[in-house]
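User: I have a structure open and want to go through it with you. Can we start with the sheets and then move on?

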Amino acid sequence: MSDKVKVTIDGITVEVEPGTSILNAARQIGGDIVPPAMCYYSKLEGSGGKCRTCLVKVSKGSEKDPRPMPKLLASCRTTVMDGMEVQNITSPEVLEARKGVVEILLINHPLDCPVCDQAGECHLQDLSYEHGVGKTRYEFERRTFDKIDIGDKIQLHMTRCILCYRCVYTADQLTNKREHGILGRGDASEISTYIEKAIDNDFSGNVIDVCPVGALTDKTFRFKNRVWFTKPVDAHRDCPTCSGKVTLWFKGEEVLRVTARKDQYGEVEEFICNTCRYDKKKTSDWVIEGPRHISNKSVISSNHYETLKPLPVIKPNLALQAANKEEFERAIKN
Ligand code: SF4
Ligand code: FES
């Protein structure tokens with residue numbers, strides 16, 4: 001007999017290990033029914049429960065107790081029960097609530113995407129496009145902060161921070177000595193390095209990769225390029241500190257930045273060390289594996305990094321393909 005539990009999300013049933021969260025059960029199904037997550041990060045213990053973007057409706061509690069849950073729940077923090085039925089995109093109530101969550105996240109967050117380095121790979125930008133509304137009801141002054149240097153390679157722009165705590169967990173769990181945390185409560189909360197004390201650790205650069213917005217950015221890449229003009233390429237090196245598996249972001253022949261590889265949920269596959277991130281910016285430092293397949297929804301996946309994906313109208317039509325031969329070849333060569 002299987003000791004797995006059965007859960008149905010938006011009409012699709014899946015069997016998962018007991019103790020799995022609704023969010024992770026949805027990820028096992030994949031596709032549109034996966035709730036968005038701005039604070040949960042599968043690689044960071046204790047993450048989740050902060051942002052409420054992953055809210056879902058539990059329309060049937062379990063086989064034993066089929067009563068629906070009275071309120072919407074954070075799917076990253078709710079464990080599945082056998083026979084549970086969950087609604088995400090099939091529930092108008094969830095979609096309405098998510099709109100409200102986006103509005104709250106944007107209360108203080110500036111709409112400075114045109115000058116923000118995170119544009120094109122910002123989870124809040126994607127979330128706002130999918131679930132946000134065109135205007136805000138907030139009339140008060142937004143809170144603003146001066147930019148702070150966290151060491152010589154990372155810049156904190158607290159004004160953009162959504163207090164997801166991911167960087168705090170990263171600093172806590174990946175580095176030996178915690179030098180970074182959240183001070184204050186409510187609207188006085190802020191990320192602090194205890195009065196701008198530099199994070200000095202081999203893995204500190206990972207706080208940049210886990211930040212879902214442009215609050216923590218790589219100073220060696222800032223304002224060098226828009227991310228959608230660069231080409232991501234997987235590469236590795238024999239690194240004594242980390243796995244050495246990275247993504248290089250090229251502009252022409254130049255490596256503009258080095259990041260960890262991210263999965264379809266924008267989560268780092270393996271954390272990388274600062275030497276790989278900041279000090280190895282020559283192509284000759286790396287063994288190139290090939291184009292990085294960007295599978296999350298961001299604008300950067302819409303470029304032709306791999307081979308041209310012919311438009312559906314062209315694909316079945318040989319005459320159209322022949323007429324577009326030149327463009328096909330150009331795109332494939334790039
Ligand atoms: S700086 Fe970024 S990762 Fe850290 S809490 Fe703020 S939004 Fe989250
Ligand atoms: S992802 Fe669940 S509360 Fe943030």
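**Sheets, helices and the ligand**

Analyst: One open sheet has four strands in the order 13-12-11-14, and the pairing is antiparallel. Keep in mind that this is a predicted model.

User: Which strands stand at the edges there?

Analyst: Strand 13 (254–260) and strand 14 (287–291) do. Each has a single partner strand, so one side of each is left without a neighbour in the sheet.

User: And how much twist is there, on average, from one strand to the next?

Analyst: The twist in that sheet averages 35 degrees from one strand to the next.

User: How many bridges pair strand 11 with strand 12?

Analyst: Six bridges pair strand 11 with strand 12 (residues 245–251), in the antiparallel sense. Within that pairing, P232 is opposite W249 in strand 12.

User: What about strand 11 and strand 14, how many bridges?

Analyst: Strand 11 (residues 231–236) pairs with strand 14 over four bridges, again in the antiparallel sense. V233 faces P291 in strand 14, and D234 is opposite G290 in strand 14.

User: How many bridges join strand 6 to strand 7?

Analyst: Three bridges join strand 6 to strand 7 (residues 154–156), and the two run antiparallel. The bridge partner of I148 in strand 7 is L156.

User: Where does strand 5 come in? Does strand 1 run parallel or antiparallel to strand 5?

Analyst: Strand 1 and strand 5 (residues 84–87) run parallel, joined by three bridges. V7 is opposite M84 in strand 5.

User: And strand 3 with strand 5, parallel or antiparallel?

Analyst: Strand 3 (residues 55–60) and strand 5 run antiparallel, with three bridges joining them. K60 is opposite E85 in strand 5.

User: Let's switch to helices. At what angle do helix 2 and helix 3 pack?

Analyst: Helix 2 (residues 92–108) and helix 3 (residues 123–131) pack at about 140 degrees, and their axes are 10 Å apart.

User: Why call that pair oblique?

Analyst: Angles over 145 degrees count as roughly antiparallel, and 65 to 115 as roughly perpendicular. The angle is about 140 degrees, and helix 2 and helix 3 are therefore oblique to each other.

User: Is the crossing left-handed or right-handed?

Analyst: Helix 2 passes helix 3 in a left-handed crossing.

User: Which residues meet?

Analyst: From helix 2, R98, K99, V102, L105 and L106; from helix 3, L124, L127, S128 and H131. By class, that contact has five nonpolar, two polar and two charged residues.

User: Last topic, the ligand. How many residues surround ligand 1, and which are the closest?

Analyst: 14 residues surround ligand 1, and the closest are C161, C164, C167, C211 and A215.

User: What classes make up the shell?

Analyst: The shell around ligand 1 has 13 nonpolar residues and one charged residue, with no polar residues. Cys and Ala both count as nonpolar in this scheme.

Terms used. Residues numbered from 1 in each chain as written. Chains lettered and ligands numbered in written order. Predicted model: local features only at pLDDT ≥ 70, side-chain atom pairs only at ≥ 80, totals over all residues. Near = placed C-beta within 6 Å. Pairing = 2+ DSSP bridges. Axes fitted to C-alpha atoms, helices over the stretch in contact; angles between N-to-C directions. Parallel < 35°, antiparallel > 145°, perpendicular 65-115°, else oblique. Left-handed = near helix turned anticlockwise from the far one by under 90°. Contact = placed C-beta atoms within 7 Å.
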